[in-house]
Amino acid sequence: MPRIEFYVLSSSNAPGRLRAACQLALKAWSAGLPVFLRGSDEAQCGELDDLLWQFKAERFVPHDLHRDAPLSPVVLGTDEVPSAEQGVLINLGSSLSPHVERFARIIEIVNQQPELLNACRENFRAYRQRGYDPQRVEL
């Protein structure tokens, strides 16, 4: 059963949410875990791709879009089936991934934007209804 955490940011800043996702991807990859960074759509995956190239000048995060290299250490995608199992899912989508059971750890990143808060509350309830025990982490 995956460990599920909701990382709660204090601002409603959308770019801050993407930066937090990149930092968490770096941390998980540095720990030797495969990472699936799930964007809300292809455009957001493109933003994440650009951000991963520049957010840490002294550290490269090996990443690719799922369609280009599904076995990359950090994979960017939406609802594709992850190639690596038991890794970390960083979910920026507004719904649950259809592949929840394939991950050892799931991180949802929440900011204070009202519609995102509502979507994340629904996700929290959905995890509980499935028998998971999601935890809240304040950042």
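**Close-ups of a predicted sheet**

**View 1. Strands E5 and E6 sit side by side.** In this predicted model, E5 and E6 run in the parallel sense and are joined over 5 bridges.

**View 2. Strand E5 and its surroundings.** How many residues of E5 are buried? It's 5 of the 5, so the rest of the structure largely encloses this strand. E5 also pairs with E2, again in the parallel sense, over 4 bridges.

**View 3. Strand E2 meets strand E4.** E2 covers residues 35-38 and E4 covers residues 74-77. The two pair in the parallel sense, with 4 bridges. Start at Val-35 and look across to E4: its bridge partner there is Val-74. Helix H2 (residues 42-54) packs on the sheet here, touching E2, E3 and E4. The direction of H2 makes about 150° with that of E4.

**View 4. Helix H3 on the sheet.** Now go to helix H3, made of residues 114-129. H3 packs on the sheet and touches strand E1 (3-8), strand E5 (87-91), strand E6 (103-110) and E7. Compare its direction with that of E6 and you get about 150°.

View 5. In what order do the 7 strands line up? They form an open sheet, E3-E4-E2-E5-E6-E1-E7, with parallel pairing. At the edges are strand E3 (63-65) and strand E7 (135-138), each pairing on one side only. Going from one strand to the next, the twist averages 20°.

How values were computed
Residues are numbered from 1 along each chain as its sequence is written. This is a predicted model: local features need pLDDT of at least 70, side-chain atom pairs count only at pLDDT 80 or more; totals for chains, interfaces and linings use all residues. Side-chain values use heavy atoms; hydrogens and water are left out. Two strands pair if DSSP finds at least two bridges between them. Axes are lines fitted to C-alpha atoms, for helices over the stretch in contact, and angles run from 0 to 180 degrees between N-to-C directions. Contact means heavy atoms within 4.5 Å. Buried means under 20% relative accessible area, exposed over 50%, partly exposed in between (1.4 Å probe, protein chains only).
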